[in-house]
Amino acid sequence: MTNQTRWWQDAVVYQIYPRSFADANGDGMGDIPGVTAKLPYLKDLGVDAVWLSPFYRSPQADAGYDVANYREVDPLFGSLADADEMIARAHELGLKVIVDLVPNHTSDEHEWFQAALAAGPGSPERERYIFREGKGPGGSEPPNNWDSIFGGPAWTRLADGQWYLHLFDSKQPDLNWEHEEVRQEFLDILEFWTRRGVDGFRIDVAHGLVKAPGLPDWEGKVIMAEGAERNTPDGPTAQNPVPMFDQDGVHEIYRAWRAHLDTLSPEVALIAEAWVEPLSRLALYVRPDEMQQAFNFSYLTADWGAASMRTVITDSLESMNSVGAAPTWVLSNHDVIRHISRFGLAGKGRGQNGLFASDPQPDAARGRRRAKAATLQMLALPGSAYIYQGEELGLPEHTRMPDEFRQDPAFERTGGAEAGRDGCRVPIPWDSQQPAAGFSFGADAAPWLPQPEEYRELAADQQVGVPGSMYEFYHAALRIRRELGLGGGELAWEEELMQQHPDLVAFENGDVLVVTNYGAEPVGIRARARVVAASDSAVTAAAEEVVLPAEATAWLRRG
Ligand code: NOJ
């Protein structure tokens, strides 16, 4: 299939984290009927699609990324009928629906793993996972030296003496993708949800399914950077290839998926969550016969500054163009410190897995200023953009969450050294007057994670229709992006302008001039232009000069 002119190419996708979006039954946990009730809000906001993090049956050891049954909805979130209704309602409103697929591992409560436990060493049931004998006297040491991305060893030993691999929590055993039944099962799961009408799949840990033969020791360090799976601060190198990620063999799996989906529904998109660098490696996942999009984490983790942003945008466009795929852009998700807070940190804020109250706190004004500038730039870039729930309300990270509430397994597995990702997963405030700021419809059940004090004044009811609010900023930007066709446009660098002003990133997309000032000083540019959108009300356009204050983006039209 070609990646041309498909719905996802310029789509703005809104990520819903179901646990924290909207709680319709008042139990303190978001659910699918809550999502359905809020779809009109998302339609009004101006997005094209929603992506829901997992809502399948799960013991919730990793907030649903530990799936016990891929074809059932967890009762916490509702029923299959609720999912069908949500999909139907979204389609009525013209919104596409992307669901999350977790193929690298199952829950230890999945029937396959339970069968493997019961059947014992050497059984065919164990072949579907990665069981090994240990090393050392009596096999008492793990089969290799790999660490879990959540901290601690990547192997757990059973009472019968065998070890099993889990790149994440011990309740998330890795599947053996060399096994034909595993491959067939996921084709069937793709089919199951495609037949229920979904428009796309976000593929969790898409770079992890195939491991290097022999599972060799690795001297690099698997770290939690941004709360997700990156390997070394510098990424893999030829001298130090990462044996658990980005193996060439993974691509044939996605070719088989694409081929299968093409027979069922060619419009269904596959989206890779692959923390792979450099971007030229990421591009391999979106070759025409594989997936359609890959999250651009290089953009998310890029340093604040004109030179680094220009480089990452150039590399992104080149890499994606080289395979004919649409670029994507993202600043926040459920694994990283919300960008409004990340940009407010004195350091880079990347590589940091959550914040404790005792950590240096973000500068809220700086974070908001930079977040708006970054968002307005992102929404003017050609391709598809991802928005994480609540960023349109300017919700900050919960940076002072008391430890007793933390649920991310990374907090426990690192012995409390890492705060984990709970701070970006806090329930959304909808109504400042209601208990839990309207997260739970009409009920006063405590939300599953506590909301920080400032969430109440940021509730949707305080912002929708209120000029100058973050919501209205997103709302207007999304409308103008659509009207001007920016997502489907092309980027042409404004070389001269950037040479004159090294703090600027400036490009044209169609007849819109998009300029971001990364510097600490205002910049005046000679142009006869009118401001179409601005991240800062201090952007001015006089007869022959446009002035951008520090850390601001403007969309301009000449003449
Ligand atoms: C990436 C997901 O986004 C993250 O939340 C999860 O913990 C890991 N993959 C493991 O499934």
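This is a predicted model: local features need pLDDT of at least 70, side-chain atom pairs count only at pLDDT 80 or more; totals for chains, interfaces and linings use all residues.
**Charged pairs and the ligand shell**

Me: What makes aspartate 403 partly exposed?
Reply: Its relative accessibility is 38%. Partly exposed is the range between the buried limit of 20% and the exposed limit of 50%, so aspartate 403 belongs there.

Me: How do you know that aspartate 403 and arginine 406 form a salt bridge?
Reply: Their closest N and O atoms are 2.9 Å apart. The cut-off for a side-chain nitrogen of Arg and a carboxyl oxygen of Asp is within 4 Å, so the pair qualifies. A search of the whole structure finds 37 salt bridges.

Me: What makes arginine 557 and aspartate 511 a salt bridge, and which parts does the pair tie together?
Reply: The closest N and O atoms of arginine 557 and aspartate 511 are 3.0 Å apart, and the limit is 4 Å, so this pair counts too. Arginine 557 sits in strand β23, while aspartate 511 is in the loop between β17 and β18, so the bridge ties together parts that are 46 residues apart in sequence.

Me: Why are arginine 557 and aspartate 511 each called partly exposed?
Reply: Arginine 557 has 24% relative accessibility and aspartate 511 has 46%. Both values fall between 20% and 50%, so both residues get that label.

Me: How do you know that arginine 528 pairs with glutamate 544?
Reply: Their closest N and O atoms are 2.5 Å apart, and the salt-bridge limit is 4 Å. Arginine 528 lies in the loop between β19 and β20, and glutamate 544 in the loop between β21 and β22, so this bridge joins parts that are 16 residues apart in sequence. Salt bridges that share partners also join Asp62, Asp335, Asp408, Arg421 and Arg425 into one network.

Me: Which classes of residue make up the shell around the ligand?
Reply: The shell has eight charged, four nonpolar and two polar residues. Among the 14 residues surrounding the ligand, the closest include Asp62, Asp335 and Arg421.

Notes:
Residues are numbered from 1 along each chain as its sequence is written. Side-chain values use heavy atoms; hydrogens and water are left out. Buried means under 20% relative accessible area, exposed over 50%, partly exposed in between (1.4 Å probe, protein chains only). Helices (H or I, at least four residues) and strands (E, at least two) are DSSP runs, numbered from the N terminus. A residue is near a molecule or strand if one of its heavy atoms lies within 4 Å of it. Ala, Val, Leu, Ile, Met, Phe, Trp, Tyr, Cys and Pro count as nonpolar, Asp, Glu, Lys and Arg as charged, and the others, Gly among them, as polar.
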